[in-house]
Amino acid sequence: MGCGGSKSVKTKNSTTNSGSLEKRQIDLVRESWELVKPDISNHGMTFYTRLFTEHPEMQQLFSFKDVEGIDKLKDDERFQNQARRVMEMVGSAVEGLDDIPALAVVLKTLGSTHVKYNVKEEHYGPVGEALIFALEKGLGDKFTSETREAWLAVYGIVADNMKAGAREAPPA
């Protein structure tokens, strides 16, 4: 069930705005999110710690690129704020799962804005892997294989729509 550092999360949906989720998947994601939500800052730090441990080059995309070492990074206010913000965005996506077409519009806009931060399509796999890792760490034995598959389906919708938005964006 673990996410190996060499594995990337592949997105399944080749269509962008209408990725389908079953009600059970939405319920599993929401139920598990409720367990994670009270400590999103720490889960966000777990997410980025994993991302930068497995893909240190990705730290260069952030304002805290000058901070060396995970321990120092955890003490950096910019890092802490980013960790909280990314998990708040995950929460917003979870809230939007009842209306995937509306969520897709938001995600495409988000993908478009990430172009200016030099985010590339190949970054989405490692980001997904780090998210799944953070959720697994945070949920422990409550992160069942069914819950994992539900989160992978949600992340597929998120990544596919953000990548579509990036492709539609004017050059940075």
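**Entry 1: the pocket**

I began with the lining of the largest pocket, where α2 (40–54), α4 (77–95), α5, α6 (124–139) and α7 each supply at least two residues. I note here that the model I am reading is a predicted one. Among the contributors to this lining, α4 gives the most, with eight residues. I then looked up the volume, and found about 790 Å³ of space in the largest pocket. There are 32 residues that line the pocket, and those closest to its centre are Tyr48, Gln82, Val86, His114 and Met162. Sorting the lining by class, I have 26 nonpolar residues, five polar and one charged.

**Entry 2: α5 and α7**

The axes of α5 (residues 100–114) and α7 (residues 145–168) come within 6 Å and cross at roughly 50 degrees. Angles of 65 to 115 degrees would count as roughly perpendicular and those under 35 degrees as roughly parallel, so I wrote this pair down as oblique. I also recorded that the crossing of α5 and α7 is right-handed. On the α5 side the contact includes Ile100, Ala104, Leu107 and His114, while on the α7 side it includes Ile157, Val158, Met162 and Glu168. By class, I have nine nonpolar, five polar and two charged residues in this contact of α5 with α7. Going back to my pocket notes, I see that His114 and Met162 are also listed there among the residues closest to the centre.

**Entry 3: α1 and α7**

I then checked α7 against α1 (residues 23–36), whose axes come within 9 Å and cross at roughly 100 degrees. The two helices are therefore roughly perpendicular to each other. In this contact Arg24, Gln25, Leu28, Val29, Ser32 and Trp33 of α1 meet residues of α7 that include Glu146, Glu149, Trp151 and Val154. The class division here is seven nonpolar, three polar and three charged.

**Entry 4: α2 and α6**

Last I looked up α2 and α6, whose axes come within 8 Å and cross at roughly 135 degrees.

Terms used. Residues are numbered from 1 along each chain as its sequence is written. This is a predicted model: local features need pLDDT of at least 70, side-chain atom pairs count only at pLDDT 80 or more; totals for chains, interfaces and linings use all residues. Side-chain values use heavy atoms; hydrogens and water are left out. Axes are lines fitted to C-alpha atoms, for helices over the stretch in contact, and angles run from 0 to 180 degrees between N-to-C directions. Helices (H or I, at least four residues) and strands (E, at least two) are DSSP runs, numbered from the N terminus. Angles under 35 degrees count as roughly parallel, over 145 as roughly antiparallel, 65 to 115 as roughly perpendicular and the rest as oblique. A crossing is left-handed if the near helix is turned anticlockwise from the far one by less than a right angle, and right-handed if clockwise. Contact means heavy atoms within 4.5 Å. Ala, Val, Leu, Ile, Met, Phe, Trp, Tyr, Cys and Pro count as nonpolar, Asp, Glu, Lys and Arg as charged, and the others, Gly among them, as polar. On a 1 Å grid over the protein atoms alone, a cavity is a set of points where a 1.4 Å probe fits but cannot get out, and a pocket is an open set with protein on both sides within 12 Å along at least five of seven lines; lining residues have an atom within 4 Å of a point. Grid points are joined across faces, edges and corners, and a volume is the space filled by probe spheres set on the points.
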